[in-house]
There are 6 protein chains.
Amino acid sequence: MRPSGRALDELRAVSIETGVTKHAEGSCLVRMGDTHVLCTASLEDRPPPFLKGTGLGWVTAEYGMLPRSTGSRMRREATAGKQGGRTVEIQRLIGRSLRAGVDRVALGERQITVDCDVLQADGGTRCAAITGGWVALKLAVGKLMKAGEVRTDPLGDPVSAVSCGIYAGQPVLDLDYPEDSEAGVDGNFVMAGNRLIEVQMSAEGATFSRGEMDQLLALAEAGCAALAEAQRAAVA
Amino acid sequence: MRPSGRALDELRAVSIETGVTKHAEGSCLVRMGDTHVLCTASLEDRPPPFLKGTGLGWVTAEYGMLPRSTGSRMRREATAGKQGGRTVEIQRLIGRSLRAGVDRVALGERQITVDCDVLQADGGTRCAAITGGWVALKLAVGKLMKAGEVRTDPLGDPVSAVSCGIYAGQPVLDLDYPEDSEAGVDGNFVMAGNRLIEVQMSAEGATFSRGEMDQLLALAEAGCAALAEAQRAAVA
Amino acid sequence: MRPSGRALDELRAVSIETGVTKHAEGSCLVRMGDTHVLCTASLEDRPPPFLKGTGLGWVTAEYGMLPRSTGSRMRREATAGKQGGRTVEIQRLIGRSLRAGVDRVALGERQITVDCDVLQADGGTRCAAITGGWVALKLAVGKLMKAGEVRTDPLGDPVSAVSCGIYAGQPVLDLDYPEDSEAGVDGNFVMAGNRLIEVQMSAEGATFSRGEMDQLLALAEAGCAALAEAQRAAVA
Amino acid sequence: MRPSGRALDELRAVSIETGVTKHAEGSCLVRMGDTHVLCTASLEDRPPPFLKGTGLGWVTAEYGMLPRSTGSRMRREATAGKQGGRTVEIQRLIGRSLRAGVDRVALGERQITVDCDVLQADGGTRCAAITGGWVALKLAVGKLMKAGEVRTDPLGDPVSAVSCGIYAGQPVLDLDYPEDSEAGVDGNFVMAGNRLIEVQMSAEGATFSRGEMDQLLALAEAGCAALAEAQRAAVA
Amino acid sequence: MRPSGRALDELRAVSIETGVTKHAEGSCLVRMGDTHVLCTASLEDRPPPFLKGTGLGWVTAEYGMLPRSTGSRMRREATAGKQGGRTVEIQRLIGRSLRAGVDRVALGERQITVDCDVLQADGGTRCAAITGGWVALKLAVGKLMKAGEVRTDPLGDPVSAVSCGIYAGQPVLDLDYPEDSEAGVDGNFVMAGNRLIEVQMSAEGATFSRGEMDQLLALAEAGCAALAEAQRAAVA
Amino acid sequence: MRPSGRALDELRAVSIETGVTKHAEGSCLVRMGDTHVLCTASLEDRPPPFLKGTGLGWVTAEYGMLPRSTGSRMRREATAGKQGGRTVEIQRLIGRSLRAGVDRVALGERQITVDCDVLQADGGTRCAAITGGWVALKLAVGKLMKAGEVRTDPLGDPVSAVSCGIYAGQPVLDLDYPEDSEAGVDGNFVMAGNRLIEVQMSAEGATFSRGEMDQLLALAEAGCAALAEAQRAAVA
């Protein structure tokens, strides 16, 4: 029934390739099917000004899409003169999600910026960015720990994200672009272990019931658990 | 236990005053306790360009805060040269939520812009904006129907929104600013009748369990039902 | 002869409601007929950088119109990415006018920002903003004096403003929108007591004689005197 | 008593050199003492969109200062990314003033843009820009009339502008920069023949009486009359 | 003598991997040593407005660097609100260079946009972008020819680019970042076959002789010839 | 053969008038035929932040064109909200060229900004700006030396610039606008004495041979030598 032939609760093929750029303190190329996102974590010794003297660290994120990562070319945001509303919304979500999984006292007064740049898009780019962003972050933190600059690991369970939605009347896991562009109801779920971090269900020209909400939450729990495995393997 | 002395499942005092500006096709001043939002609905005969010839209507929203609607003065966005990320996120949410409650075929090829301007803020401004925005929209649509330009009412159950969160370890309904600034987990729920339109739960530096999610959903259902009553009374 | 039936030298109904927002140090809602402007005065302990160490205070103003304060919806300036020329001109006028009525030594090294936001427009918004802005300013200064932070009152006679113009060949006082959009010659007069602060007469596609200028000055003197009464009553 | 030794009612040396650039339809370099402004009038066959089909013409103006036209270098507005408030205010004044002296029916459906660029500033640049701008405009209109594209001269008496102010307690004509930077009260007067077009008196940290206003108007009338002579000579 | 141990006239290892993204009409990942640039060519059926009705086609280019493509993270241009001067200069060069190798009549009234995004930078990114951009362009044009939409191949000899400079007193070919950051004199050469398209020699705090210019030209001729081989192999 | 009747290797009439504005530390109006550029050098005692404490000085440049310096009016960059790509490219070239002729240790920790504003354009404005910019710079440095603030002259041979190109199949020197708009190959050469500083040859829809490159270099050498004479005479 799904265009890709996947089962309703089946993730796309996941691959996480680490160490893909020589400059960043942590990096990976995450692939969720045909969605490919390059994630880098950049370390700065100084925290943002509002944290000076607090002893707390900060993790922030930025998101972008290459102009031809999509089926038809999009205008480059640098040319347009500003990041669009969708971009701003996504990068705020990525930053908030990653911070929820960080012990900011253990991190200490420094900032890590996670850049997530979509090389090829096929739906679910923000979820892939969170999943891959956590891997890049973990690798950068690993360097800090190896160098003795951070003593207690500020990261715990992997922060994973997956989209779910109602496609052709059925709750499905990990929508690709053909599904995403059809679904009237879909959303993103971010988890760490069995805890929720973000739930963002949206309906565009449709609504959903409390029962459907429960089914989607169940799909997301299973999907995030599988992604966490892949993340753990990648940073091992 | 709550700073305001309210019960865990108690809304703030709600008031919706309609017809507050002589120019707009629909308008109201919605008050949720000390949060006051002026909502206007402006009718344009032309739909946005991407809908020309489709027979479909459009509803969009814009959101703003007066610089001194808050405890300390905020920079005016017109001076800053752009709307901030939070503003963009909120107005996209308002527009999406209102559209979910509109039959765009019945509305016909026209656009209604709902402006939500916060005169005084005390938490929950985006929810008040959706609740009041629907009232302004309903009044504007009423004019179209009275004039015979629209035959079938494109609006059904009121679209209502309320925030919920975990404050001092307890799930609570309709957070005011003192609660909102403390809560590590909170979110917004948009409903029409007993159907969900948006669920946006966020954790900043915290996480939440599936059981807490269920409790928050239950609070939201009751809260939105009460708001819908107030909306129906206002437009009667 | 005037669309509203007013006499040539008759002001619209004036009302000044104070304390309309709980956050601002001073606030009022000024109504000149159907022109409604919300004015707030926000206190900052630090003066602008160019006054550091001089002992002098500063008063500045910002002006905005809600998108549907007017007959047809205007584009929101925050969305347009900048304040238009008219807005900039008006807020510079408000700031300059209010400063002319302030003893900046007595105020001391602090800044007060007066925000004037038009909720409903029917001509003469900049004059209403000055008149109401002075009231908000006076209330904020009153708090400073009560707290002993300012010893000598830095404010003297109320700063009041009114528009005058030549409508249908006759000099008239306090133009409303139907008059304003017809008048080829009109202007704004700002006074404190019997002293002039600003005179801005403009002709668009017309000219005026020295004799007409004298008549308009006389109308403005009477109008400002009446407004000053209302201002004094509001802050009493 | 004046730093320049001029009498209270004495203009600076005025010179208007026409035909200073080979591309513009009309141009002049106007010098009021050490204030030098290059004015060009550019003709476009199409009126602005809002006038299409009305038969009316349009005159608009833009103003700029070279970065080192002033005592200390100013930031280039093109680098700053926008025109400052002062610039916007000035170019709106220039455009409005010139239009007041144009018969827009006689001009026909076309637009003339007058650019006024300050090469060297010593006070009174906006007045020099209006005075010189009219000359450039007249020359451009002359070409249209010679070519038979315009039949009736849309221009009448020269539009002239001069500043006046209260310096060291005395009303003075045509302030230069040393006077302008000291004067608490000053303004600009635009006239055509014996008719007024704009009166803009401003007080910064001061006020003025009705009697002083009358003296300033008298100075301006004499000053504008002398400038009109120079303009007539330049275009003869 | 060179940090990398290369001979003075030795290129870095070149690799051009084609078909790297599923959406673009043409794409490649070009690697010059550690400089990696993703190039895509996007086809639009419409030419830019200024070419409508001329029968001529257009090729344009945009350039960007991922924020952490460099040793220390750069600010994202979409966040900064504009493309920097260096970016603008580079993308103008890429577009001009590629156009010099295109028969715009043969291409017909359509536009191809070549996006060059630097994934990892180690000097010479603009040259790699031109070399890789031509490959992406050739592949996109190939699709047009296969589909019969273009009859005569609008592309001839590959357009290749290489940098040269004076490092430690010696003319060297294809500078990497350690060399580039030391060289006082360096430049970029673009060629097609044995013809020159662009020569851009710059000195920062240094100068160079006519003899040195001749040596650099000779190095560039050999380098471009070798790159053209790699380009031909990639598109074969 | 040339539209102007000049010989292939003939410069336009050159004139350099110094001291043209009373405020700038150095200034000139350079005329290359009908191309007129006003150049000013402005001295700041502080170097840019990145040079603080290094003992090195800085020279930077900005470039602009008056809106009607050209045959048809161009949009003012301050109105457009940013400097265009061409402007940015040119001012970077001017700054880089002038710095190549400055001993930054001898200059000491200060910055000189050279503004080059085109009053009238007829081709070759960037070259005229460099040639005139050096004169303004030399005059400003002369003031510093006279005042004893700089001991050793940081400037040596004049920095001169000239354009060359292939017009109607022939290499020609110093293209005017009619030639420039026809030439498929042209470029700019910057020299100091017999040393090269910049070579920027570009082809738009054409290519050139190594032999032609050599001819253009020879023309440029002769042209720059003649310009250096004029520069030396101007500052004598």
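The model is predicted, so local features need pLDDT of at least 70 and side-chain atom pairs count only at pLDDT 80 or more, whereas totals for chains, interfaces and linings use all residues. Residues are numbered from 1 along each chain as its sequence is written, chains are lettered from A and ligands numbered from 1 in written order, and side-chain values use heavy atoms, without hydrogens and water.

In chain C, the axes of helix α2 (residues 85–100) and helix α4 (residues 125–146) come within 10 Å and cross at roughly 40 degrees. Helices are DSSP runs (H or I, at least four residues) numbered from the N terminus, and axes are lines fitted to C-alpha atoms over the stretch in contact, with angles from 0 to 180 degrees between N-to-C directions.

Chain F is superposed on chain E by a rotation of 180 degrees with 0.0 Å of shift along its axis (RMSD 0.0 Å), by least squares on C-alpha atoms of residues with pLDDT of at least 70 in both. That is the relation of a two-fold axis. Gln200(F) comes closest to this axis of the residues of chain F, at 2.2 Å (C-alpha).

The contact takes 30 residues from chain F and 30 residues from chain E. Since 100% of the interface residues of chain F are also interface residues in chain E, the copies meet through the same surface.

Key
Helix = DSSP H or I, 4+ residues; strand = E, 2+ residues; numbered from the N terminus. Contact = heavy atoms within 4.5 Å.
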